[in-house]
Amino acid sequence: MEKAAYAQIHNAGFPDLVDSDGRPAIELDLSKHYIYSHALEKNDPRTCNTVMFQFLAVSFNSTPVRNMFFTVQFYCFAAETTPIMTAYQVKPNLPAILYKFQNSDQTPGCSVSFVVDPGRAAGEPWQFLEHIQHGTCIIDLWNADSLFHEGSVTVKLKRLARQ
């Protein structure tokens with residue numbers, strides 16, 4: 001993304017993404033190769049995992065959708081559906097900012113969280129680690145006015161590992 005797009009998203013007033021200790025999230029350079037280590041994951045004392053997907057902005061190659069919602073299929077959970085959001089194009093050639101409306105309040109973006117506690121089921125720690133290393137999350141975009149399926153994206157999860 002361009003710096004102007006990052007600035008637009010930052011200025012929209014999205015809440016900061018922080019970890020459980022209140023520290024800001026780190027941004028990974030996706031162009032770099034990271035080595036996955038089963039031993040590092042296995043020996044990490046933090047066994048409970050919160051995985052969050054944030055929906056902040058959207059860009060379209062064709063006719064834009066004004067009102068939309070997303071469904072998120074992650075790991076073994078049932079699909080989660082976001083509230084309906086409206087896309088506002090602030091500046092041409094930049095992503096449209098997503099806003100949700102609740103009780104006449106307008107808030108930017110939306111997040112969907114999944115809490116995975118691998119210690120609760122026998123065998124699940126390794127299953128979850130395998131899923132993170134090799135699996136994907138499927139996100140579908142829906143037109144909220146027509147309920148037409150606009151598209152899907154699969155997101156590789158290997159960057160979620162504690163590396």
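**Core.** I looked up the largest nonpolar core in this predicted model. It has 25 residues. Those with the most contacts inside it are Phe53, Phe55, Met68, Phe70, Val72, Phe74 and Leu98. I then checked which elements supply it: β1, β3 (67-73), β5 (85-88), β6 (96-102), β8, α3 (124-134) and β9 (136-143) each give at least two residues. β8 contributes the largest share, four residues. I also noted a second, separate core of five residues, with Ile9, Ala12, Phe14 and Tyr99 among them.

**Met68.** I listed the contacts of Met68, leaving out residues up to four places away in sequence. Met68 touches Val58, Phe60, Pro83, Ile84, Met85, Ala87, Leu98, Leu141, Trp142 and Ala144.

**Strand β1.** I went along β1 (residues 49-55) and found that its side chains alternate. Asn49, Val51, Phe53 and Phe55 point to one face and are buried. I next looked up the pairing of β1 with β8 (residues 110-116): the two strands run antiparallel and are joined by seven bridges. Opposite Phe53 I found Val112 of β8.

**Lys158.** I located Lys158 in the segment after β10 (149-156). Beyond residues up to four places away in sequence, Lys158 touches Ile132 and Gln133. I also took the C-alpha separation of Lys158 and Arg66, which is 32 Å; the two are 92 residues apart along the chain.

Note on methods
Residues are numbered from 1 along each chain as its sequence is written. This is a predicted model: local features need pLDDT of at least 70, side-chain atom pairs count only at pLDDT 80 or more; totals for chains, interfaces and linings use all residues. Side-chain values use heavy atoms; hydrogens and water are left out. Buried means under 20% relative accessible area, exposed over 50%, partly exposed in between (1.4 Å probe, protein chains only). Two strands pair if DSSP finds at least two bridges between them. A nonpolar core is a set of buried Ala, Val, Leu, Ile, Met, Phe, Trp, Tyr and Cys residues joined through side-chain atoms within 4.5 Å. Contact means heavy atoms within 4.5 Å.
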